[in-house]
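Here is a short note to read beside the structure. Please keep the sequence and the model in view as you go through the points.

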Number of protein chains: 2
Amino acid sequence: MRDKATSFDIAHMAGVSQSTVSRALRNSPLVNQETREKVQAIALQLNYKVDKNASSLRQRHSRTIALLLFEDPTSDDSMINPFFLSMLGSITKACALEGYDLLVSFQQYSTDWHADYEDTNKADGIILLGYGDYMNYQDKLSKLEQQQTHFVRWGEVDNAHPGLSVGCDNFQGGYKITQHLIGLGRKNLAFVGGADNHCPEFFERFKGMCHALQQAGSNDKPLQIDAITTEDSGYQAAVELLTKDSGVDAIVCASDLIAIGAMRALQDKGIDVPGQIAVVGYDNILLASFANPPLTTVHQNTKKAGELLVTSLIGLIKGEQREPVLIPAELVIRESCGRA
Amino acid sequence: MRDKATSFDIAHMAGVSQSTVSRALRNSPLVNQETREKVQAIALQLNYKVDKNASSLRQRHSRTIALLLFEDPTSDDSMINPFFLSMLGSITKACALEGYDLLVSFQQYSTDWHADYEDTNKADGIILLGYGDYMNYQDKLSKLEQQQTHFVRWGEVDNAHPGLSVGCDNFQGGYKITQHLIGLGRKNLAFVGGADNHCPEFFERFKGMCHALQQAGSNDKPLQIDAITTEDSGYQAAVELLTKDSGVDAIVCASDLIAIGAMRALQDKGIDVPGQIAVVGYDNILLASFANPPLTTVHQNTKKAGELLVTSLIGLIKGEQREPVLIPAELVIRESCGRA
DNA sequence: CTGAAAGCGCTTACAG
DNA sequence: CTGAAAGCGCTTACAG
């Protein structure tokens with residue numbers, strides 16, 4: 001650490017007390033305008049910046065937010081899901097807009113996560129973002145709640161889940177996709193992705209799908225194959241699906257990455273997409289529009305999501321009462337389902 | 001901020017002095033093992049965490065690094081270049097590995113960037129990552145150097161540039177691409193991207209290209225069209241290129257995003273890629289392998305780059321002498337240039 | 001091996 | 001409007 005000017009140095013140069021310097025720099029209305037200007041001029045000249053540690057220590061808050069990004073350890077370690085990367089981008093921007101610093105960290109679900117950002121006063125609150133097996137981290141969420149940590153999570157909006165959440169309307173997303181497919185004449189749909197309490201978001205998409213199917217008069221549960229959010233997992237799931245049922249004419253995937261893997265598997269088997277089988281994704285990552293054929297999917301508005309996550313958390317930090325936020329699902333129709 | 005236990009509370013409970021608590025918690029060899037264990041047990045039980053602000057203030061360093069991501073304000077505001085997003089991911093991981101916290105922030109080149117992370121003691125050093133007009137920020141880099149800020153930048157490795165840099169061998173990348181194209185029988189190459197001191201990295205790629213061309217006996221400067229790193233800019237540049245010269249049979253693009261835009265323009269004009277015109281990108285973002293046809297490009301090893309950026313910076317912070325690092329360029333051959 | 005004390009650089013109640 | 005003083009919660013010389 002270099003030697004830097006302190007507020008005492010400025011006080012000395014300006015011929016005022018250090019308390020006045022502190023007030024002048026924070027634009028306190030208490031200080032005489034002339035004094036304020038003199039102090040600020042000297043500060044500028046000395047390239048003085050108030051020490052964040054001292055200031056946070058004294059004020060007992062840091063005006064910084066911690067973002068914890070969880071990764072499923074089973075996924076390819078070198079690659080982060082583009083959807084979360086995009087969320088990271090929008091959260092960063094939203095923080096800057098609100099005048100908060102952002103601490104970011106990746107965590108593995110498997111290891112003990114040290115969500116001690118607030119306990120150490122590094123941050124005033126935490127944003128949780130990630131995927132993986134929900135049952136494995138539910139306890140940790142409850143613990144966070146017990147400790148009265150300020151946190152908000154991206155995920156399924158459901159009062160049974162600990163913590164305030166911001167999320168897209170997954171049920172609606174699954175519902176819209178299915179309606180679209182039915183409208184296109186598809187009869188035999190399958191779902192690729194987890195569909196149980198281990199991954200509540202996927203599960204809701206699946207439920208939305210089942211609901212649309214029922215409304216259309218089909219009472220059979222659709223065929224469902226597990227997959228995690230990677231291309232490889234999607235590939236394998238599609239292969240498995242093909243061996244189980246050759247009558248499927250549409251595959252609803254729990255994410256774009258899964259869908260892209262599934263399309264590759266179908267094409268490797270010589271099956272035409274969408275001619276023989278339609279494929280739908282979820283997330284609308286950049287890749288989706290470049291897939292071949294371009295992927296019909298559900299757009300999750302990451303810009304809005306990032307802003308909402310940040311403003312909700314700041315509200316919580318300020319002691320406000322906050323309600324969970326549900327962002328509407330937007331169907332994006334491209335070519336992977338064909339035309340009516 | 002919630003009421004939390006302090007080291008005094010623990011001292012009281014353990015029946016030792018506060019200094020001993022501090023020592024025990026930091027695993028000082030000075031403290032008796034029995035005492036240490038007792039103190040640590042109480043700390044754990046109370047869920048005590050040392051206050052980062054107090055600790056950093058006293059120790060005069062924060063063990064955190066700031067990452068400043070610059071965006072070209074001319075590019076689409078909602079989308080961050082996937083290449084930089086991927087760098088962000090690897091930097092975050094590398095920081096965690098080294099036990100540093102990471103503060104991330106987006107900055108616009110146009111506005112005054114407040115690189116005061118070290119001045120405020122928020123961070124011990126800064127990583128600079130971004131693109132845009134180099135001539136516009138060269139001064140700021142020099143200022144950072146004058147202020148003795150610890151920083152490392154991603155970019156062209158060249159001693160004339162202020163600050164320590166870590167970067168890929170852009171000259172070599174341009175050279176390898178061009179050799180590959182020549183080997184494939186392409187005769188009339190064009191370059192799409194800035195090729196002057198405003199963007200040193202692109203310029204080096206261009207120089208590598210010229211060098212390979214000269215070696216092959218061609219002494220004309222290749223046709224060059226400016227473009228920034230977006231798909232749209234690549235599209236427009238390709239359109240412009242077509243109006244200028246219809247004899248081009250290969251386009252070397254300064255980035256994958258540009259290449260993808262260029263391919264789209266060519267296809268819109270009914271030109272076969274690679275049949276009539278070969279296209280090469282740069283970066284090897286995830287999208288490249290999904291482009292149609294899959295894009296031949298130069299891989300920039302973001303994992304290695306992130307690690308190197310972080311370890312170099314930490315070295316600097318510790319007062320070590322550090323040399324710039326050049327990462328070799330790796331040609332990734334896919335289908336956008338055809339076969340021999 | 002342990003404790004009492006100083007001090008990191010601020011902010012803010014208190015007194016004037 | 002201004003100053004002297006206390007205190008945020010640690011770490012670390014210093015003394016024993």
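1. Which side chains meet in a salt bridge at 3.8 Å, N to O? They are those of B:R264 and B:D232; a salt bridge is a side-chain nitrogen of Lys or Arg within 4 Å of a carboxyl oxygen of Asp or Glu. B:R264 lies in helix α10 (residues 256-268) of chain B and B:D232 in helix α9 (residues 231-244) of chain B, 32 residues apart. B:R264 is partly exposed, at 32% relative accessibility, and B:D232 is partly exposed at 49%. Buried means under 20% relative accessible area, exposed over 50%, and partly exposed in between, with a 1.4 Å probe and protein chains only.

2. A word on the source: this is a predicted model, in which local features need pLDDT of at least 70 and side-chain atom pairs count only at pLDDT 80 or more, while totals for chains, interfaces and linings use all residues. Residues are numbered from 1 along each chain as its sequence is written, chains are lettered from A in the order in which they are written, and side-chain values use heavy atoms, without hydrogens and water.

3. Chain A has eleven helices and twelve strands; these are DSSP runs, of at least four residues (H or I) for helices and at least two (E) for strands, numbered from the N terminus. The radius of gyration of chain A is 25 Å, well over the 20 Å that the globule rule gives for 340 residues, so chain A is more spread out than a compact globule. That radius is taken over C-alpha atoms, and the rule is 2.2 Å times the number of residues to the power 0.38. Along the principal axes, the C-alpha atoms of chain A fill a box of roughly 85 × 40 × 35 Å. Of its 340 residues, 56% count as buried.

4. One salt bridge crosses between chains: A:K122 pairs with B:D101 at 2.9 Å, N to O. A:K122 sits in the loop between β2 (101-108) and β3 (125-130) of chain A, and B:D101 in strand β2 (residues 101-108) of chain B. Both A:K122 and B:D101 are buried.

5. B:D101 also forms a salt bridge with B:K52, with the closest N and O atoms 3.2 Å apart. B:K52 is in helix α4 (residues 52-59) of chain B, 49 residues from B:D101. The relative accessible area of B:D101 is 11%, and B:K52 counts as buried at 18%.

6. A:K52, A:D101 and B:K122 are likewise linked in a network of salt bridges. Over all chains, the count comes to 18 salt bridges.
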